[in-house]
Amino acid sequence: MALTSTDIDRIAKLARLELLPAESERMLSQINDFFDVVETMRAVDTTGVEPLSHPIAAIRDIALRLRDDVISEPDQRDINQRSAPTVEHGLFLVPRVIE
Amino acid sequence: MSETVNTFEAQQQGRPTGPLVSGYEVIIGFETHAQLSTASKIFSRASTAFGAEPNTQACAVDLALPGTLPVMNKGAVERAIRFGLAIGAHIAPRSIFARKNYFYPDLPKGYQISQFEIPVVQGGVVEFFLGEEKKSVRLVRAHLEEDAGKSLHEDFVGQTGIDLNRAGTPLLEIVTEPDMRSSAEAVAYARELHKIVTWIGICDGNMQEGSFRCDANVSVRKPGAPLGTRREIKNLNSFKFMQQAIDYEVRWQIEQIEDGHAIEQATVLFNPDTGETRAMRTKEDAADYRYFPDPDLPPLVIDPEWVIQIRAEMPELPRLMAQRFMDSYGLSEYDATSLTQSTALASYFETVAQTCQQPKLAGNWIMGELARRLNVRELTIDQAPVAAIQLGQLIGRIQDGTISNNAARQVFEVLWDTPGERVDAIIESKGLKQMNDSGALAQIVDAVLAANPKNVEEYKAGNSKALNALVGQIMKGSKGTANPQQVNELLRAKLG
Amino acid sequence: MNPSTTELHDLTLSELAGLLQARKVSSVEIAQHFLTRADTHSALGVYLARDRACTLAQAHAADQRLVNTRGAHQPLLGLPVAHKDIFVTRDFASTAGSRMLAGYRSPFDATVVDRLGQEGMVTLGKLNCDEFAMGSSNENSAFGPAHNPWDNTRTPGGSSGGSAAAVAARLTPAATGTDTGGSIRQPAAFCGVTGIKPTYGRASRYGMVAFASSLDQAGPMARSALDCAMLLSVMCGPDPDRDSTSLDIAAEDFTRALSDPIAGLRIGIPKEFFGDGLASDVRAAIDAALAQYQALGATLVPVSLPRTELSIPVYYIIAPAEASSNLSRFDGVKFGHRAEQFTDLADMYRKTRAQGFGEEVKRRIMIGTYVLSHGYYDAYYLQAQKIRRMIADDFQQAFKQCDVIAGPVAPTVAWKLGDKSDDPVANYLADIFTLPGSLAGLPGMSIPVGFGAHHMPVGMQLIGNYLQEGRLLNLAHRFQQATDWHARAPEGI
């Protein structure tokens, strides 16, 4: 199944990417080329197969490690914000958010 | 289970399943975000303390700086398990953290780590009283997730300031079935839930600081009709506004329908100043969160042994404690419920009751004299100047006849004003001990009889009122320390 | 051995270690030599960041430690290393090859960088790579591609192209790299150096700018298996405080079993790796290498990895899906690039990300967003994760018949820069031999085994079962003791 330019617009909006018309067109054809390759995958019968999200789970059970509830992060605001675009009074500034 | 609500047959037969508002049935479901009382954040080691300078408690992980990864806080899981046990839910032995993807300035990673398909707490019931009526609300789930930061709209011309101190604070999102049928019931549920989370110590319950935030899903329908379209009232941070907001929303929806408009699903905010709800500017494509299991976090596996251990450490829950107060202290359900509003109050009562062995009297004093004075001074039970032991001793002295009720009030007054004073010392110094020496009393009686022949005559003539007059005189003569019963007996004896 | 400093760069990491321990040369002298060399070969475009003062300060401190801790076993103390710019570092800017992070300064060091630093290694600088490690030619770097020292009109491979080129050009004796779908093995093959990607979870991912979280792994690239073993021993080990996916398996000394005999070892040859797609020049070199292994006493066993071709769509669904989410944090709010002009918040997001990300990154974000979006998740992402398990199971089947698996790293030798730049799918298809091992999370390495067309290096891939890094390094070391392909240097270097 091939994507349409409407799909591209919808995804670009979801992904917060501004695409110029030329970009969208190139993107559309390239992504469709890719999904031709993907078709082979969709045909595979995977009934009863557990998805594998952590590779090691293929051979052993993996459980989330839990850490003790301890505070050990000092205030590093200045160094943490040194690469921030705009900061005022320690706050990150963004264009007005309307609710 | 929930015999009081959602009775299927009633719904089938078109009978209302709850009170009607101008012919409409009100359907309410709740989503509550309870901030868990951990010291550090759910996925980082930064502090969760409230009110710090902006972004001083947002570490590299909270800021989503490149290369950072989440590491799960055991304390948050432990609290979720406690909640599950408190409401009789299923604790999932294996649950999954997922990413909820959306862009928002207070969401540093561009996704929120939450639980989607498999939450840690599944099912459960919250039971409570709405007046005399027992209600029970079924829970769908309670899942762990991270809180977002805060947007500050003031102080910056045309811009919004972002403070990420709150980002990563552990949340337990508690979701109910649409089981509530009135704003009153909704508030009663919220109060009970608030009581539970604070009682078991997983949340400080501070609503002003946003530790306990409620969203209400409200819809209306004609009895027997299918569920109507719901609107979600967000961030109800006080029980007062909760009721106002829901009542307003219900009226608004009914008016819309009556005027022939369809209700559109929406998220609304309640404005306490206007008392109205208003639809939020809907986030773009909010519908498509692109959930998928977070590859940074393996499955959360909870060992049954751990659950058993936590169950063993659980405090007695309020409903069970109230029942015990009724059974072993013979309190009324009302008294038992009032005395189990908080662990502090309940343990204060138990100390008093055990000291004086008079549970009913203890309850009366705590809910009467003590509560009154606490309210006036706006104190909590832990701040009460009169220690539970002292109140117990005081009530004991009433019981063994050492002092009268009136005298006890005077003693209490002293205890309240000068904490640490000993009950018996006060009784001594103020000479409040009831006179039990019959010789001394007899002399007073004789004197009074001699001085009031008129009353004696009237009494002998059959006017019982006259006796009271004499008793009054005698009490006066004894400066109130005489035992009224003793006085009566003596008089009757002497007057034959 | 008493070399004049002009020869220092010809020595391997372990040879330099010998000179240092013998006080024949100082850490500062070594650092100065390689820094000067980096200047003279700057046209190769391998370095994205260097700071002479900072490097020499580290070297000086290392020399002090060498004096103070005389005798102590610190094989890496004072030796130089350069890091792929996907690792964040406190002392050097960290860009991940993206305009989005131009000039970004991290407040902390990646765990891998920190571990090597603790051992006393001296950082020469940060190495070029494809943007966010997405690419196999280094042409997706926002700062221009690194060039292949064997032919600077050709690609060094990717995404760790700068690392491979720097080692091949003797601009550093050792480099770190990261491998998501082949990003250590393929550039190592293209540049004729040795590189290993450990089992997923062996090395901490903390401080690696995330591309595909369930696939990313760090690994060393150097001139020999011995050097890689020395580095990997330090790079691996649990990181319980920082990375929930790091395995609770203690670091081990991978140099210990390097010289074990390999006689009787069964090498599995997957027929799917030797089909029509494999260029004859590459095949010839691989066949010769396999014959060499037989001469060393190993036996070759035919095995099958039936879903090898499926690994391309599976990988290119999973990796972009995870990447689309991992790259959402680049929104112009907390760090990195923000557009100059915009109308409102949404516009700020769209323009910032449109300007900050390169074309391939945008393409993968689009694919990833699409396959996770409502109504497509099950058909794509979930289906891919299921086939991923089937692929992992195929390997376990194969390992019932063999101890390790061997085959080509890439179907061809390094191609000309620009040849595939406007055909993304062609690039994806070229990853076919490295993707299956990545999806299974298995350790894999690349060793030089000769030359193909245009006298470009050919690399052989060795894939081991989980946690069998030691076995792979042992196999590679034995091969390198019997051959000198790994010691060859490009002309004019």
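## A tour of two interfaces

Start where chain C meets chain A: 23 residue pairs are in polar contact there, both residues at pLDDT 80 or more. A polar contact is a pair of N or O atoms within 3.5 Å; within protein, one must be able to donate a hydrogen and the other to accept it, and residues adjacent in sequence count only if both atoms are side-chain atoms.

This is a predicted model, in which local features need pLDDT of at least 70, side-chain atom pairs count only at pLDDT 80 or more, and totals for chains, interfaces and linings use all residues. Residues are numbered from 1 along each chain as its sequence is written, chains are lettered from A and ligands numbered from 1 in the order in which they are written, and side-chain values use heavy atoms, with hydrogens and water left out.

**Stop 1: chain C against chain A**

Select the helices of chain C that face chain A. Those supplying at least two residues each to this side are α9 (311-326), α10 (345-356), α11 (359-372), α12 (378-398), α13 (424-429) and α14 (435-440). Helices here are DSSP runs of H or I, at least four residues, and strands are runs of E, at least two, numbered from the N terminus. Now pick α12(C): it gives the most, 13 residues.

Color this side of chain C by residue type. You get 40 nonpolar, 14 polar and 20 charged residues. Ala, Val, Leu, Ile, Met, Phe, Trp, Tyr, Cys and Pro count as nonpolar, Asp, Glu, Lys and Arg as charged, and the others, Gly among them, as polar.

Next, zoom to C:Glu359 and A:Arg26. They form a salt bridge, with the closest N and O atoms 2.9 Å apart. A salt bridge is a side-chain nitrogen of Lys or Arg within 4 Å of a carboxyl oxygen of Asp or Glu. Between chain C and chain A the count is five.

How much area is buried between chain C and chain A? About 5600 Å², with carbon and sulfur atoms giving 67%. Buried area is the accessible area (1.4 Å probe) that two parts lose on being put together, summed over both. Select C:Met366, C:Tyr370 and C:Arg389: in chain C they lose the most area to chain A.

**Stop 2: chain B against chain C**

Move to chain B. Its contact with chain C (heavy atoms within 4.5 Å) takes 33 residues from chain B and 40 from chain C. Select B:Pro66, B:Leu69 and B:Phe103. They supply 22% of the area that chain B buries against chain C.

Finish at C:Arg205 and B:Asp296. Their side chains meet in a salt bridge, 2.9 Å from N to O.
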